[in-house]
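This report covers a chain contact and a sheet with its neighbouring helix.

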Amino acid sequence: MSDTPEPLLELDALKTHYSIRDGWLQREVGRVRAVDGVSFSIETGETLGLVGESGSGKSTVARTILQLEEATEGEVRFEGSPVAELTGEDLHSFQRRVQLIVQDPNEAFSPRMTIGEAVAEPLRLHGLSDDDRREAIVEDLLERVGLSAADTSRYPHEFSGGEKQRIAIARALVTNPDVIIADEPTSALDSRVQSDVLALLDRIRREYDVAVLLISHDIDVVRLFCDRVAVMYLGEIVERGAVSTVLNEPAHPYTRVLLESVPSLDPTERTLARPLTETIPDPADPPGGCRFHTRCPELIPPDTVDLPTPVWRAVAEFRFTLQAGELPDEVAETEAKRTVREHFSIPDHIGDESIAKAVETATGAVVGGDIETAVQTLAAVTETVCERESPAARVDSRPVACHRYDDTVEGKPLTREDQN
Amino acid sequence: MSSDPLLSVAGLRTHIETEDRTVRAVDEVSFDVERGETVCVVGESGSGKSVTCESLTGIVPSPPAEIVGGSITFDGHSLADADQRLLREIRGNRIAHIFQNPQQALDPVYAVGDQITEAIELHSNAENARERAVSLLRKVGIPNAETRVDDYPHEFSGGMAQRVAIAIALAADPDLLIADEPTTAVDVTVQARLIELLRRLTGEGMSLLLVTHDFRVVASMADRVLVMFGGTIVERGSVESVFETPAHPYTQTLFESYDGLSQRADRYARDQIPSDGCRFRLGCPYAVDGCESGEQPPFESVEATAGDHSVSCVHYGDGNPDEILANADRIAATIGNTESDPEGDNGESNNE
């Protein structure tokens, strides 16, 4: 962290939970923990990427910053002041200084407003009543984003998706903001247009010294645009740091899975990442300990277990596949224990007595149709630190929420060789 | 090739009538798909890639679209001038489509099993349609198929719904699956599993015609690649040769968007697409006078690579493509290195 006392925008252990209500009394029956303890900061002029699968909570982070959702716990601070407590002129000023660009440019504009009116609207809302000045500002901005002053009288449907996103950038800039939150700003665009719009956003943010929080599921976009990146999974940040570090030397197993799920541009290299299970757990009932443990290919074995990595992983995959209800039917309905073993590539001989016994019992239970017993049997011998304790480690002084990097836990980061 | 290709398209032209003009959405497009082969059609929206595929089975809405020329031969049957009965039979039994948004293809008020059995019954008189529906759901990797078969489309996640759509497409055991951006709406982790599923199906002998804008998806699945722009094919070849030597200037601009922020942003202009000559000439850094002549530059082979890699660009053949090929080498080197060699730290990134 730098010496500056107050970052421009800071999230401190932010939580945003949604109530799940049921029955005619609308009693709360559960809570979706969409954002569950997120902290990061953005400095003036900096670009931070927030990546993760859908359901990770990244858009809820944006909505909570903008006060479109109420924080359940923790706070958002802008120049040191808690945003939730802003009122009157201060609140107005915050709304002017933090702007949003959304994914679908078609949703961003009223079809009945000319784009001149649309871009000028925030100015009007914030009390600039001089028509000529408004017009001059709008025309200048449209030219800066590559359109022309003559476009002010045209309607949104006359523009392509990429042009509309340029107009959205112009509108976000009109109040002279310090932060732009861009939620999947180029996902709806073709790759070439996407790269044009990103280049524009990049030029503009340098010119105006605006900080950008870029929310994206597209790692290519984050790689090209951002200085730093935070990776989210089920409401939590699992890893953050400089883009060049996180995307080139990802430390958290989830970051590795995300990066290796993206197909390579080399057609002779077609291997794709394989997490233990496919399903993202329900954010209303997230797994204990490290939330990624049910899918983690680098799950740490219990202290007492000493197996080659592929064997341990096969056993873990067996357990969590059953637990997630992802067992393919042809395996679920087999009458041969061998089929179950072969499906998970579990060897006949396992060099750990308790695991070997549990696997034998569990395969028997699967064949007998008793998945519940199989899960319990496996869970009893494979319970790991990853499911008991929430990780909070650091790698080269940046946060990586994984026990593999925790000195108090046995289990070292896996190298590429270990993984195969 | 010893035997005839499964699908052979020659000189296909599809026009779309708009209020003020006729758009030549597909203009003289020719390609083949062999049995068991995966052919990827790459291009941006408006390139004609979807209209091309929808023209094959006549599902392109007509009017406003009309196939005005060319031939489509599928396993010996001519489809371009086929009557509706034959088209319907081929469309159901031999060629199936899936689309970007599976929820649009699924009817929200019927259980998915009913939709699969409907597809089965439409194309064969299977007696155990329900059993077959369950086995199709299994084939596409949906766990608990026995109970899931009674669930409704909204009860499936995006990735699982796409699997259901694939199950429906497989109901008639098609020879060719036409997939239009099937993984665009899902997360990369889900996309990875869908890619594996489609690869497994083509491994079993099904042919796949895949429409996408994403070269990463192409790299992960294609045997051969067609690059389209402005209704025409501009480059075609094996996936290895196109990725090793992206030869058409348009293909190069598509690849460049993976390796850095666009250089075009500052001289941004609305691309006008001409309806003759090279369609890309107005956006092309190598454009010369000759680009305007004729219907479309003739296909010339890209000499740097072996095989049937060819390109519709005046600089090849009798011209001099050295400068373009040098850029191709540069791009190939960069994309090969994107994983290990970032575009460089500008010194501003701040390590916490």
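## Contact between chains A and B

The contact takes 50 residues from chain A and 44 residues from chain B, where two residues are in contact if their C-beta atoms, placed from the backbone, lie within 7 Å. On the side of chain B that touches chain A, two or more residues come from each of α8 (188-203), α9 (215-221), α10 (239-244), α11 (249-259) and α12 (322-337) of chain B. Helices (H or I, at least four residues) and strands (E, at least two) are DSSP runs, numbered from the N terminus. With six residues, α8(B) gives the most to this side.

By class, the side of chain B that touches chain A has 17 nonpolar, eleven charged and 16 polar residues. Nonpolar here covers Ala, Val, Leu, Ile, Met, Phe, Trp, Tyr, Cys and Pro; charged covers Asp, Glu, Lys and Arg; the others, Gly among them, are polar.

## Basis of the model

This is a predicted model, in which local features need pLDDT of at least 70, side-chain atom pairs count only at pLDDT 80 or more, and totals for chains, interfaces and linings use all residues. Residues are numbered from 1 along each chain as its sequence is written, while chains are lettered from A and ligands numbered from 1 in the order in which they are written.

## Sheet in chain B

Eight strands of chain B form an open sheet with mixed pairing, in the order β6-β7-β8-β3-β9-β10-β12-β11; two strands pair if DSSP finds at least two bridges between them. Because β6 (95-98) and β11 (299-301) of chain B stand at the edges with a single partner strand each, one side of each is left without a neighbour in the sheet.

Strands β7 (residues 176-180) and β8 (residues 207-212) of chain B run parallel and are joined by five bridges. Leu176(B) has Ser207(B) as its bridge partner in β8(B).

## Helix across the sheet

Helix α7 (residues 158-170) of chain B lies across β6 and β7 of chain B, and runs at about 165° to β6(B). Axes are lines fitted to C-alpha atoms, for helices over the stretch in contact, and angles run from 0 to 180 degrees between N-to-C directions.
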